[in-house]
Amino acid sequence: MHKQSLACDVLVIGGGPAGIAAACCAAESAQRAILLDDNPALGGQIWRGKANSQATRWIDRARQAGVQIVGGAQVFAVSAREDRRTVLAQTETPEGLCTVQCERAILATGARERFLPFPGWTLRGVTGAGGLQALVKGGWPIAGKRVVVAGSGPLLPAVAAFLKTHGADVQLVAEQAPWSRLVNFGMGLALRPAVAMQALSLFPQLVGVPYHAGCHVTATHGARGALTAVTVRQGERTWQVDCDYLACGFNLVPNLELPVLLGCAVQDGFAAVNEWQESSQPGVYCAGELTGIGGLERSLIEGQIAGYAAAGEKGRQRARALFAQRRDLYTYAARLNHAFALGDALKTLASADTIVCRCEDARRAQLDEIAPGSWRAAKLHTRCGMGACQGRVCGPSLSFLYGWPIEATVSARPPLFPVRLETLAATGQQEPNQHETTGEKR
Ligand SMILES: Cc1cc2nc3c(=O)[nH]c(=O)nc-3n(C[C@H](O)[C@H](O)[C@H](O)COP(=O)(O)OP(=O)(O)OC[C@H]3O[C@@H](n4cnc5c(N)ncnc54)[C@H](O)[C@@H]3O)c2cc1C
């Protein structure tokens with residue numbers, strides 16, 4: 001079994017915009033920096049598979065700064081030493097176990113989509129909005145297929161435009177937020193020309209695609225186990241739209257597993273950080289969508305601040321110079337999150353027999369029996385969240401339905417992801433135990 005042990009000053013986990021920016025700034029501040037990402041190629045959700053000139057500039061900058069990039073490396077465990085001065089990450093690469101020991105860690109693991117249960121959401125042909133985009137980026141044939149894009153958030157038009165460019169016949173974009181909030185948000189974009197340009201650039205690709213606000217899918221219809229149509233509602237009006245795919249996501253939720261495993265505090269559903277992007281655990285920084293949903297620019301700025309700050313006193317001056325830009329982006333993020341806040345009508349979509357946890361086949365009625373309950377009670381009574389995804393899908397949806405704190409639904413026990421048995425066996429043969437008990441500094 002191949003084993004690799006690496007060491008560095010600053011370890012960055014997550015190779016999206018926040019992580020790339022963090023690694024660049026740490027390395028340019030004379031730190032030995034390692035950047036790990038679970039995908040073979042850097043770029044995160046937005047740049048992966050469609051790197052533009054901005055992405056290329058950042059990735060080239062990381063290479064030139066001497067960042068050691070390890071792709072295809074999914075971190076499945078992290079632990080802090082007893083003296084809290086070093087962190088050890090365990091990751092599985094195609095070659096085998098790779099452990100990285102570092103003085104400071106920057107977590108930039110991004111976010112994932114929130115799914116909500118409604119009758120038929122588990123039918124073949126129903127995917128996440130970003131999920132279908134990712135499939136198509138990976139080569140899934142979409143040309144000529146009829147697609148409905150639904151849910152909430154600025155991701156929906158971006159996905160619709162992407163799918164249309166790849167030959168999909170996009171029938172409808174159904175956004176649950178009402179027009180009043182969207183118009184208000186749109187007017188505010190006048191102050192953010194870069195975002196406005198990004199939004200406007202989608203218009204030519206979306207010509208002919210109906211965009212309905214205050215509109216959501218209430219049910220799907222299928223034949224032989226596959227999707228054939230969806231029912232949508234807008235106010236009092238309901239109608240049916242024929243389609244082969246429903247790409248459906250309700251905003252984003254942060255991937256909190258690593259910060260929770262390291263004991264970082266979570267506030268209002270996101271990793272809590274101070275002005276330096278440092279979490280409640282000294283030496284552990286968080287950046288990007290882990291700390292709040294706010295788009296590409298916010299992830300880049302937070303990543304830079306975290307990278308500079310993790311480099312110590314000298315870097316902190318450069319980090320401070322970015323504070324004003326970050327403040328401005330926080331205002332934008334607050335407007336974004338207000339505009340696309342999920343409406344209460346979505347809480348009533350699932351009927352008694354709708355599956356809410358598809359790993360364990362737990363149904364809405366079983367959860368209602370224990371309501372208001374708790375995530376723990378849900379697990380004990382229904383096995384909800386105890387299947388293969390470990391609550392990554394049903395946790396955020398039940399948190400919305402029943403008001404449970406999202407961090408309570410995070411399963412933070414190593415291994416965080418399924419790993420090969422030989423990898424697990426290798427972890428038992430080396431550092432973790434020694435590392436945790438000796439307290440020696442590298
Ligand atoms: C599914 C999806 C699709 C999106 N599509 C678009 C789009 O088309 N246009 C747009 O403007 N915005 C899109 N966004 C939003 C966009 O991702 C953000 O605006 C922003 O770019 C996020 O940057 P980030 O670096 O914070 O996170 P991300 O870009 O999500 O990067 C985080 C990286 O960390 C990796 N990672 C997570 N956990 C681990 C681990 N344990 N070990 C190793 N690596 C790990 C992830 O695979 C990912 O590469 C999308 C978001 C999602 C969730």
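Strand E12 (215-223) and strand E13 (residues 226-234) run side by side in the antiparallel sense, joined over eight bridges. Strands here are DSSP runs of type E with at least two residues, helices are runs of type H or I with at least four residues, and both are numbered from the N terminus; two strands count as paired if DSSP finds at least two bridges between them. One of these bridges links His216 to Arg233 of E13. The model is a predicted one, in which local features need pLDDT of at least 70 and side-chain atom pairs count only at pLDDT 80 or more, while totals for chains, interfaces and linings use all residues. Residues are numbered from 1 along each chain as its sequence is written.

The pair belongs to an open antiparallel sheet of three strands, in the order E12-E13-E14. E12 and strand E14 (237-242) are the edge strands, and each has a single partner, so one side of each is left without a neighbour in the sheet. On average, neighbouring strands of this sheet are turned by 25 degrees against each other, direction ignored.

Turning to helices, two packed helices are described by the angle between their axes and the distance between the axes. For H1 and helix H3 (residues 53-64), the angle is about 35 degrees and the axes lie 9 Å apart. Axes are lines fitted to C-alpha atoms, for helices over the stretch in contact, and angles run from 0 to 180 degrees between N-to-C directions. Ile20, Ala21, Ala23 and Cys24 of H1 meet Trp58, Ile59, Arg61 and Ala62 of H3, where contact requires C-beta atoms, placed from the backbone, within 7 Å. By class, this contact has seven nonpolar, no polar and one charged residues. Ala, Val, Leu, Ile, Met, Phe, Trp, Tyr, Cys and Pro count as nonpolar, Asp, Glu, Lys and Arg as charged, and the others, Gly among them, as polar.

Where does the ligand sit among these parts? The shell around the ligand draws at least three residues from each of domain 1 (2-112 + 253-336 + 426-436) and domain 2 (115-250), with bounds from an automatic or database domain assignment. Of the 34 residues around the ligand, Gly16, Gly44, Gly110, Gly130 and Gly288 come nearest; a residue is near if its C-beta atom, placed from the backbone, lies within 6 Å. Helix H1 (17-28) and helix H4 (129-137) are among the elements that each supply at least two residues of the shell. The shell divides into 13 nonpolar, 16 polar and five charged residues.

Technical notes. Two residues are in contact if their C-beta atoms, placed from the backbone, lie within 7 Å.
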